[in-house]
Amino acid sequence: MDEVSSKPSGPKASKQKTKPKVTDGTKDYKLRAKNIDVFYGDFQAVYDISLDILEQSITAFIGPSGCGKSTFLRLFNRMNDYIDGFKMNGSILLEGQDIYEPSVKVEELRKKIGMVFQKPNPFPKSIFENVAYGLRIQGIKDKEFIEQRVIESLKQATLFDEVKDNLEKQALSLSGGQQQRLCIARTLAVKPSVLLMDEPTSALDPISTAKIEELIFELKKKYTIAIVTHNMQQAGRISDNTAFLYMGKLIEYGDTQKIFTNPEKDRTQNYITGRFG
Ligand SMILES: Nc1ncnc2c1ncn2[C@@H]1O[C@H](COP(=O)(O)OP(=O)(O)OP(=O)(O)O)[C@@H](O)[C@H]1O
């Protein structure tokens, strides 16, 4: 494979002012993947990918079906761990700490790195209980604290105004777009600092999609976001940096505007112009 820069570059990345967490000497990063290979049994799904994700930025993963986007995203909160035959080489660092070290508690990690899935998956409970869930399983009992956190999270997910008069309503009776924002609120309630999103709008209509995109853009002020999307316009609209994967390899990674207007690699150019994929 051609050499690929593992550092996001370009005007947006370099202009970004972030609280310093971990630095490679030039930029701060929140997450770092180093020489990642992933196997499912004998099948290799990811080949030697290294990349850094900057704090308070949106990083999009694009590429044709089966190229390894979801596999790669799921590494950041260890969602692949329970898949039969899963094996990984390399390391993933969150603020400099290896998240695959034996001492890391996966439940604690997932409080820091939340995930939103393609299909909204609220529990068959009330709106309130969906958002309160993560707090309750932590053993938090303070009613006032829980209520305040539920309201705050619903507001952050731009759902509060639509549901405030009926928080006891069954979550499954909400529209698909509202359900997805509820799932985002549920994730935010435990105060993560990273949000992983695996095609969060692919099951939604254009209006709900636009609302979620606005929300993601707003959330960037506080969170580090990594998103897998099949929708290249979406990647272009919301992300700061884009990683293009092809057959398990990182072909190109960098500033989104550059990737979409003047990519370095022919394969990226062919993909973004719809010549394959
Ligand atoms: N649980 C699994 N067991 C075995 N192989 C798997 C598993 N999950 C994914 N794969 C394989 O790994 C490769 C990468 O899959 P992955 O779902 O990460 O790709 P993707 O780019 O996210 O695809 P899509 O865009 O279609 O969701 C594919 O060849 C897929 O068949």
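Visitor: In the loop between which two elements does Ser-193 lie?
Guide: Residues are numbered from 1 along each chain as its sequence is written. The model is predicted: local features need pLDDT of at least 70, side-chain atom pairs count only at pLDDT 80 or more, and totals for chains, interfaces and linings use all residues. Helices (H or I, at least four residues) and strands (E, at least two) are DSSP runs, numbered from the N terminus. The loop with Ser-193 runs between H7 and E9.

Visitor: Is Ser-193 buried, exposed or partly exposed?
Guide: Count the other C-beta atoms, placed from the backbone, within 10 Å of a residue's own: 20 or more means buried, 12 or fewer exposed, and in between partly exposed. Ser-193 has 17 such neighbours, so the residue is partly exposed.

Visitor: Which residues does Ser-193 contact, leaving aside neighbours within four places in sequence?
Guide: A contact needs two C-beta atoms, placed from the backbone, within 7 Å. With that cut-off, the contacts of Ser-193 are Lys-112, Tyr-223 and Thr-224.

Visitor: How many residues of H7 are buried?
Guide: Buried positions include Gly-177, Arg-181 and Leu-188. Elements covering them include strand E8 (113–116), helix H4 (127–137), helix H5 (143–156) and helix H8 (206–219). H7 is mostly covered, and its buried count is 12 of 13.

Visitor: What C-alpha distance separates Ser-103 from Gly-176?
Guide: Ser-103 sits in the loop between E7 and helix H3 (106–112). Along the chain, Ser-103 and Gly-176 are 73 residues apart, and their C-alpha separation is 38 Å.

Visitor: Which residue of E7 stands opposite Leu-94?
Guide: Strand E6 (residues 86–94) pairs with E7 over 2 bridges, in the antiparallel sense. Opposite Leu-94 stands Gln-97.

Visitor: Which turn residue between E3 and E4 has a positive phi?
Guide: Strand E3 (residues 31–40) pairs with E4 over 7 bridges, antiparallel. Arg-32 stands opposite Asp-52 in E4. The two strands form a hairpin with 2 residues between them; phi is about 60° at Gly-41.

Visitor: Which element supplies the largest share of the shell around the ligand?
Guide: Among the residues around the ligand are Tyr-40, Gly-68, Lys-69 and Ile-83. Strand E4 (43–53) and helix H2 (69–75) each give at least two shell residues. The largest share, 3 residues, comes from H2.

Visitor: What share of the protein chain's residues is buried?
Guide: The chain has 11 helices and 12 strands. Among its contacts between residues at least 6 apart in sequence, 70% join residues at least 24 apart. Of its 277 residues, the buried share is 40%.

Note on methods. A residue is near a molecule or strand if its C-beta atom, placed from the backbone, lies within 6 Å of it. Two strands pair if DSSP finds at least two bridges between them.
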